[in-house]
Amino acid sequence: MSVVVKPRLPVAVRIATAIVVAILFLYVIPFMIPNYLVSQFATVLVFAIAIVGINLVTGYGGAITLGHAAFVALGSYTTAILTVRYGWNPYATIPVAAALSWIAGWCLGFPALRLQGLYLALGTLVLSITVPPVLKRFDAFTGGVQGLNVGNPAPPASVPLDESQWIYFVSLAIAAVLYVVARRILSGPLRRALVAARDNQLVAAVMGVNRARLTTATFAMSSLYAGVAGSLYAMIVGFVSPDTFNVMMSLSLFVGAVVGGITSLSGAFIGAMFIQFVPIWASDIDVSLGGLVFGGALILTLVLIPAGVGGLAERWYLRACARLGWTEAAATETAIEASTRGAQHEAT
Amino acid sequence: MTLFANQLIDGLADGAIYASLALALVFSYRSTGIVNFAQGEMAMLSAYVTWQLMAWGLPLIPAALISIVLSFIAGALLYASIVKPLSHASLLTVVSVLIGLYLALNSLAGFLWTYTIKALPSLFPKAHLQLGSFSVSAETAGIIAVVGVVLLLLYLLFETTKVGLAMRGAASTPDSAVLVGVSVPVMLLIGWGIAAALGALSGILVAPKVFLNPTMMFGVIIYAFAAATLGGFDSVVGAVVGGLLVGIVENLVGTYIPWIGPDLKIIVALVLIFGTLLIKPDGLFGRKKVVRL
Amino acid sequence: MSLLTIEGLQAGYGERSVLHDIDLAISERKIQVVLGANGAGKTTLLRAISGTTTRSGTIMFDGKRIDRLSARKVVASGVAHVPQGRGTFADLTVDENIRLGAYLRSSAEARQDRERWLTYFPRLQERLSQQAGSLSGGEQQMLAIARALMLRPRLLLLDEPSLGLAPIITQSLFKTLAAIREETGMTMLIVEQSANLALEVADSGVVLESGRIVLRDSAQNLAGNDEVRRIYLGYE
């Protein structure tokens, strides 16, 4: 698998793109839309964080995980227990949630090395089915079925924002940092090692890649993303209960990752919007429609656009740039072809 | 002692159900190398079909039999329409499609029959068989007997008939099966059909115990996964032994280890799966796979 | 009257073409051997005949065209293919392998034939209930041939039967093949890389090079041909 350098866009175009994105996230979403939607968009950001984690481990690490809700639960309950039972400042719990889920991911990543393909998918699926009963069983700690009331963190007095806007900006800041980190991970030598280990173990071995350690590290990193997402989720919802973190949440995140584009980090946001808003709209029509749409979307995405919506959008964007003469057309096509190939070869 | 014996028998009956569902997983895995994540949901739909046929006025046993036959056809159709076209697809695609199917089937049941619990009557009378000092419910004995008979029939099919032999050949070495004139796709189609029929049986047997609802198989499929993993995903004997073991362990642990109790029994499945995969990834009866770089 | 006639055959894998414009004919009751180096297209030739690879051109078998038939139909028309690397059903027992060879035939016929072929391969008789995967290389080759014979084919395609076998075992294998032809008059097309023994039992042969037939002659003449002797028979 060759590594393709994306055609570099002129500085002006990149600045323009950045300004559009900044206006969208810093002004349109927090200030232009109804308040209840702002907190939903905060949830979207949280889902996007978790999906970026899945992008890392499944899209680039080649390990299919169907149990990310388990790590989201770990993050959520860390925050909930520390704030409710020990009176911590909620923001102080975020690093703890990150560390705990990173450690848990490392411990589970160890079996992940030995579990090939399907078995890992199976193991993580079972893990996520086990989470709610375990949470209920240790009710002395977790509050059992009743859950724990975390409450929404209030904005500092000096900041003229309401609760939803505040938590939205907190989530946005953290999501932005984690997005940049993921971008960093996926550029340069580490990306090459990951892709080599995913697509051809022999080549990876020749390149001197220690696949086992790499998979564990990726798994741990993606768990950290899920844990941070969980921590923020507890603050947004203000309440945690076992049945939130059921198998449906795991599968939703997986659906979001695939629909957005399993190797597309920008697609994570689209995937997150999909899993946040589609069930809400669908359930207005019929309770069962959400699952049907999810299942259908999953299958259709893979059949029609294996690179996912995000991958498709990136492709259109690159083509448009080429057509406008901003980049070389030939380089664009190679990059697009390479990303298509990547999308088709995932996790074989 | 009587409690222990009763738990053991109950465990065997649960295990028989897990075994038939695990066997369904093994059949599809052996023939196409795919773990059918949607197997449990297919079984749940089969149970609903039985209920629907009864609602339309059929007696229980014919309704169950028709549902099993329909499930066979559905399994074969699933192979022809989805699994076969995916035979060269990446693992991610296969897993995603099956998860998609899982979600879609689950919602379909909710859409068609709503999420309220329904009662599917048991195939067996509410009697007790008195065996010396301890008694067994007719349901427990009946489940063990029915699954036993089905296993015997499957054994006869695979060991004594030409089609059974051809199916084993097609699953083991498809390239050579073609060269002796076996139509491999047809054999795999039958394999997926049998898998779905076995799943249907497990659904119909378990529905009276857990009540009919779209999420009824969540708990069961986990134990079936555990059974198939424990026995080895490519081993028929393993699925049966694994199923029975899981059933017994689950019951005994739930009864005798108060720390776990009935609520946390599900952790038995998790521990068994991860334990097996770590210690003996091919399971108790599975063949060792040579990992080629 | 030739049993198999091939005209203008092209074959390959996907878009990669391996064989170009092959013409070949085998008469009934004859053994023909195909010689050639690695990658010359020998295996592809057999696979083209048995329909296990993409092909175009005319292949007539017993007066009927088989080049459009699926592999299964070709088998049913009386062509048995013993693939390279034997392709036994490793999970099944020896007896089951043999029985599966007769999948397309009635059980009564199969039972008769089973006895008959087992007399040719007594080693298999002793190992009937053993798993095929546990047999030695020579035994697996015997099993693969016995399984192919169970089809009661008119034409037997053998792909490098000597591969990985000790010379002494190869020798007895070819003796057995000669005896089978003697008794049943079965036509055989044998692909071989090291061809000493094959030319001894064969009637005629062709040499393949880069997907084309470059030489065709009687087995006797081929065995005496200097070029063939140098390249394929290991004489200097």
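## Reading the model

Residues are numbered from 1 along each chain as its sequence is written, while chains are lettered from A and ligands numbered from 1 in the order in which they are written. In this predicted model, local features need pLDDT of at least 70, side-chain atom pairs count only at pLDDT 80 or more, and totals for chains, interfaces and linings use all residues; side-chain values use heavy atoms, with hydrogens and water left out.

## How the chains meet

Chains A and C do not touch: their nearest C-alpha atoms are 19 Å apart.

## Two helices of chain A

Let's start with helix α11 of chain A, residues 247-260. (Helices are DSSP runs of H or I with at least four residues, strands are runs of E with at least two, and both are numbered from the N terminus.) How far apart are the end C-alpha atoms of α11(A)? They are 20 Å apart, which agrees with the 20 Å that its 14 residues should span at 1.5 Å a residue; the expected span is 1.5 Å times one less than the number of residues. In α11(A), 13 of the 14 residues are buried (buried means under 20% relative accessible area, exposed over 50%, and partly exposed in between, with a 1.4 Å probe and protein chains only). Just after α11(A), A:Gly261 has a positive phi of about 120°.

Helix α14 of chain A covers residues 308-323 and reaches 22 Å from first C-alpha to last, close to the 22 Å expected. Its buried residues include A:Leu312, A:Arg315 and A:Leu318. A:Gly325 follows α14(A) with a positive phi near 85°.

## A hairpin in chain B

Strands β1 (residues 128-131) and β2 of chain B run antiparallel, joined by four bridges; strands pair if DSSP finds at least two bridges between them. B:Leu129 has B:Val136 as its bridge partner. Two residues lie between the strands, and B:Gly132 in this hairpin takes a positive phi near 60°.

In a regular strand, side chains alternate between the two faces of the sheet. In β2(B), B:Phe134 and B:Val136 make the covered face, and B:Ser135 and B:Ser137 the uncovered one.

## A partly exposed residue

A:Phe138 sits in the loop between α5 (117-137) and α6 (139-142) of chain A. Is A:Phe138 buried or partly exposed? With a relative accessible area of 33%, A:Phe138 is partly exposed.

Notes
Contact means heavy atoms within 4.5 Å.
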